[in-house]
Number of protein chains: 2
Amino acid sequence: MKIALAQFNPTIGDFNYNIAQIVSLSHKAIEAGCDLVVFPELAVCGYPPLDLLERREFIEDSLQAVDRLISKVRGIAVLCGCVSRNTSGVGKPIHNTAILFEDGKVLARVYKRLLPSYDIFDETRYFEPGTKSVPVPFKGLLVGITICEDIWSDADLFPEHNYPVNPVDELARQGTDVFITINASPFDTEKASHRYHILRHHATKYHRPFLYGNAVGGQDCVIFDGASMAVDPAGRLIAQAKDFAEDLVTIDTDTMQGERHPVSALREEAVVKALKLGLKDYAARCGLDRVVLGLSGGVDSSVTAVIAAQSLGSENVLGVLMPSPYTSRQSIDDAEALARNLGIEAVTLPISNIFDVYLEILKEVFSKRGPDVTEENIQARIRGNLLMAISNKFGYLVLSTGNKTELAVGYCTLYGDLSGGFALISDLPKTMVYEVARYLNAERKLIPEQVLTKAPSAELKPGQKDQDYLPPYDLLDSILKRYLEQNIAPEQIIAEGFDPEIVYRTVHMVDRSEYKRHQAPLGPRVTSRAFGYGRRYPIAHGYQKE
Amino acid sequence: MKIALAQFNPTIGDFNYNIAQIVSLSHKAIEAGCDLVVFPELAVCGYPPLDLLERREFIEDSLQAVDRLISKVRGIAVLCGCVSRNTSGVGKPIHNTAILFEDGKVLARVYKRLLPSYDIFDETRYFEPGTKSVPVPFKGLLVGITICEDIWSDADLFPEHNYPVNPVDELARQGTDVFITINASPFDTEKASHRYHILRHHATKYHRPFLYGNAVGGQDCVIFDGASMAVDPAGRLIAQAKDFAEDLVTIDTDTMQGERHPVSALREEAVVKALKLGLKDYAARCGLDRVVLGLSGGVDSSVTAVIAAQSLGSENVLGVLMPSPYTSRQSIDDAEALARNLGIEAVTLPISNIFDVYLEILKEVFSKRGPDVTEENIQARIRGNLLMAISNKFGYLVLSTGNKTELAVGYCTLYGDLSGGFALISDLPKTMVYEVARYLNAERKLIPEQVLTKAPSAELKPGQKDQDYLPPYDLLDSILKRYLEQNIAPEQIIAEGFDPEIVYRTVHMVDRSEYKRHQAPLGPRVTSRAFGYGRRYPIAHGYQKE
């Protein structure tokens, strides 16, 4: 049997677009001589629709779209993700479904059994799980169909999930010849190797080929990286679709031959592709095609500008220099050089005059207090106001330029540098920002060298350096990775040999700045645990270690 | 048997405080001659701890606190909410638990079976459900213990929930003599009558008394209103604790006599109490005792100021008048009169000079465009910056003053009037703001009468009126209630007789302003469906009706 993995980029709720794409890719698979074409999880409505799934009209439109789709494809069988009604009378009203149809006839409906309810996933909020897994006879083979999380239940591999059932194992016991799983699996820098690991595990454990079709595209904070693949019963990779792009690859399950397209070799390459895709899709789906950002001459805004220019085209990026009384000549030179290197438009809006009037207006109210962080924040918020004014006037999307480390410890200003519609590098720790900067500079020096070598500074008061306030970034990022991504207790981090004073200070900074993150713009996730939708902490609470 | 419902206000993660309070209230119950004292759901750790439940150290501290608590109370049995480990090896690592202990001995552990996964509730994210319900023998009676959602499963009453099991029914079948449910049930304006309705339903259906113990307090966006109660087998209310305050009431299950304390008679009274409690707890738990807000002379900021002054004391509220070139004399007079009536400090920071410098700096960039909403937003953001500067300098919590209607249709400025740590009236539709204003004025005219009678205006350009941009507020709120709270499709709303053009325009305004709400400050929930944590929509999507 010849199978195509059609890795496509659905738009949530744009049913006409999505089914037109599915039809078009099905024809492409027919031309490639395939018997079956496989589309991602919830391909018809897009993933994740979140609370749109609670709207009856959305479900109704979604079901009608599936009916239209079934009637439109002839000459090939289609396996595709969609919603379907739960008719049992018990539980949530819909199922997360893989539908198999051919020439107007539905051959099978498979319901997702393991509904992830962690991190960014809230599937138990919407879906009723399926209760059994039975292979589907198709063209003389028994096809074992699963949906995404269904394959992540294996006590050997994931002791922490503890799912009560293992759909892959159940399907294997019933004589499955070939496994196919449809997915909307989000990118993080460790995900690709995880996926291959589990496919190889299942394939070799059950001596069957395992096909993995993924979605691609950016949906708010989530990037689906594609990279669909197939492994043979020996665990060898026999098919590979591109990452971060729509693609279609075919697999012949008789010969165990498939197509292999190139994927990112380096972590930095994957991160850059993820951010470009995430920005492009976010902007387009918000109906915007141009972006504006502040250029400070620092590494964060430089990296953001390069990726924006590469994602949307230089002509669609406006850089704004907003020097304050404390901005160095070098910062201005670096920002201007970057804009020249990228070929983006740059304007300069000095903030000193505005800043002076704020201080004048506040003089009496502040008369009994000396300068402190307040005056720094006023400058950051003037910049936020200027960028938003340009956004409002010309319809540009404001990119905020903060990194994950700053956001973690609260080294950022609410309504200031946290202003924006999309926080492009907000899930990149500062050390990763530098790595990405060097990667972006490898081919051609886009970011001036001194941006990468000078000491980072917010330049909001004389002689200020980040490192006067924060632990060294490599140390800080090591602690944050353990505390935030790996969920390790402070005491355990200290037991690894980190300085207790620095660990507790870091943890306190993280805990105390929850209110800032609550109002931060969303940004694309690249680590295994990002702020935002997937990390939900109370703001006002009394829990404090040490 | 004599039972006390101890309605208390735990602080999330402050284990020492929580168990000290539980011990102290247990002694109060002993003094009242009780055999058993009942505390709310998750009383030991506070509710909802959200992702703190994913931290092993939090669970460890929580379990140790329970052990300490058990050893500390003598002379009375205690039924109390806490977490306990799931030792089955399958599923989520913890149970949402009701523990019954007496004189150092654990008599029963009951696990919550129905885990809500809708609106603000994500319990399937953290907890493994219990699998059976068995009454607990205690002092010669069979006590049927449930936790919150467990009692909301009844096909007669809640066809939409469709839970596969009904713990109350199971307990009744096993001879339960008295039902006790522990809760952390959030307030909304329709909740109190819902609760009584279901208690009466269960009590009369099974001919047994039903005791309902609730938590009280404000936790971020959620207000627990208390109002614990008990009904006899005939469905009569025999005990009632206060709403929006800690309280303890006793019930004698032999005589079916109990204590009844007063609760709010009017919806407006309940809303005001909810907001006062929510603000007080939020500020205290953030370590802040003073608030600052802008006073525009409009009804929203007036209501916010009155409630803040009543919640925290006039001496802890600072009002800031920030007149622009378009602010009317009447608005200034009204704001000043309000401040005088409340006895709060007020300062005036005119924004015209700052506004002029912004326009000057932006003149060249904006040279080819005429004035539009941009210039209005700049003014709003100047005000946001000034309030935040005062917050930063003096450590005040900024109260934002927007209402739900504005937030719904996006008639508000991100980083402008949406600036703040707590959005006190952000879940009050504009029509409810007026109702509450009149309620607040009933005893003594705090808000100048013309604030309630003049046409609402943002005063951001000459002659501006809200009603030039928006449908009349009573009509708009009627549509929004249907679309947002009742989840009714636009077509259905139109079928009720609403103007199609206005309905679609309203729906589009709601859908298009999702990005603003994503960065809005949190505020206390008073309606059955609020923005924020309980309503999760994608920002960038392609779903549009009509």
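Me: In which crossing does α1(B) pass α2(B), left-handed or right-handed?

Reply: α1(B) passes α2(B) in a right-handed crossing. A crossing is right-handed if the near helix is turned clockwise from the far one by less than a right angle, and left-handed if anticlockwise. This is a predicted model, in which local features need pLDDT of at least 70 and side-chain atom pairs count only at pLDDT 80 or more, while totals for chains, interfaces and linings use all residues. Residues are numbered from 1 along each chain as its sequence is written, and chains are lettered from A and ligands numbered from 1 in the order in which they are written.

Me: At what angle do helix α1 and helix α2 of chain B pack, and how far apart are their axes?

Reply: Two packed helices are described by the angle between their axes and the distance between the axes. Here α1 (residues 15-31) and α2 (residues 56-72) of chain B pack at an angle of about 25°. Their axes are 10 Å apart. Axes are lines fitted to C-alpha atoms, for helices over the stretch in contact, and angles run from 0 to 180 degrees between N-to-C directions. Helices (H or I, at least four residues) and strands (E, at least two) are DSSP runs, numbered from the N terminus. α1(B) and α2(B) are therefore roughly parallel to each other. The classes are roughly parallel under 35 degrees, roughly antiparallel over 145, roughly perpendicular from 65 to 115, and oblique for the rest.

Me: Which residues of α1(B) and α2(B) meet?

Reply: From α1(B) come B:Phe15, B:Ile19, B:Ile22 and B:Val23. From α2(B) come B:Asp61, B:Ser62, B:Ala65, B:Arg68, B:Leu69 and B:Lys72. Contact needs C-beta atoms, placed from the backbone, within 7 Å. By class, the residues of this contact are six nonpolar, one polar and three charged. Nonpolar covers Ala, Val, Leu, Ile, Met, Phe, Trp, Tyr, Cys and Pro; charged covers Asp, Glu, Lys and Arg; the others, Gly among them, are polar.

Me: How do α1(A) and α2(A) cross?

Reply: The axes of α1(A) and α2(A) come within 10 Å and cross at roughly 25°. That makes α1(A) roughly parallel to α2(A). Their crossing is right-handed. Among the residues that meet are A:Phe15 in α1(A) and A:Asp61 in α2(A). This contact has six nonpolar, one polar and three charged residues.

Me: How many residues of chain A are in contact with chain B?

Reply: 74 residues of chain A are in contact with 75 residues of chain B. α9(A) gives the largest share of chain A's side, twelve residues. That side divides into 35 nonpolar, 21 polar and 18 charged residues.

Me: What is the strand order of the open sheet of six strands in chain B?

Reply: Strands of a sheet pair through backbone hydrogen bonds, either parallel or antiparallel. Pairing takes at least two bridges found by DSSP. The order in chain B is β8-β9-β10-β11-β14-β15, with mixed pairing. β8 (136-138) and β15 (237-240) are the edge strands, each pairing on one side only. The twist averages 20° from one strand to the next. β10 (residues 178-182) and β11 (residues 210-213) of chain B run parallel, joined by four bridges. B:Ile182 stands opposite B:Gly213 in β11(B). Helix α4 (residues 191-206) of chain B packs on the sheet, and its direction makes about 150° with that of β11(B).

Me: What do β12(B) and β13(B) form?

Reply: They form a hairpin with two residues between them. Four bridges join β12 (residues 216-219) to β13 (residues 222-225) of chain B, and the strands run antiparallel. B:Gly218 has B:Ile223 as its bridge partner. In the turn, B:Asp220 has a positive phi of about 55°.

Me: Which residues point each way from β12(B)?

Reply: In a regular strand the side chains alternate between the two faces of the sheet. B:Val216 and B:Gly218 point one way from β12(B), while B:Gly217 and B:Gln219 point the other way. All are buried. The cut-offs for other C-beta atoms within 10 Å are 20 or more for buried and 12 or fewer for exposed, with partly exposed in between; C-beta atoms are placed from the backbone.

Me: Where is A:Pro48 found?

Reply: A:Pro48 lies in the loop between β2 (36-38) and α2 of chain A. A cis peptide bond joins A:Tyr47 and A:Pro48, with omega about -10°. In chain B, a cis peptide bond joins B:Tyr47 and B:Pro48, with omega about -10°.

Me: Is A:Leu50 buried or exposed?

Reply: A:Leu50 counts as buried, with 20 C-beta neighbours inside 10 Å. A:Leu50 is in the loop between β2 and α2 of chain A. Its phi is near 50°, a positive value in a residue other than glycine. Phi of A:Phe244 is near 65°, also positive in a residue other than glycine. A:Phe244 is buried, with 26 other C-beta atoms within 10 Å.

Conventions. Two residues are in contact if their C-beta atoms, placed from the backbone, lie within 7 Å.
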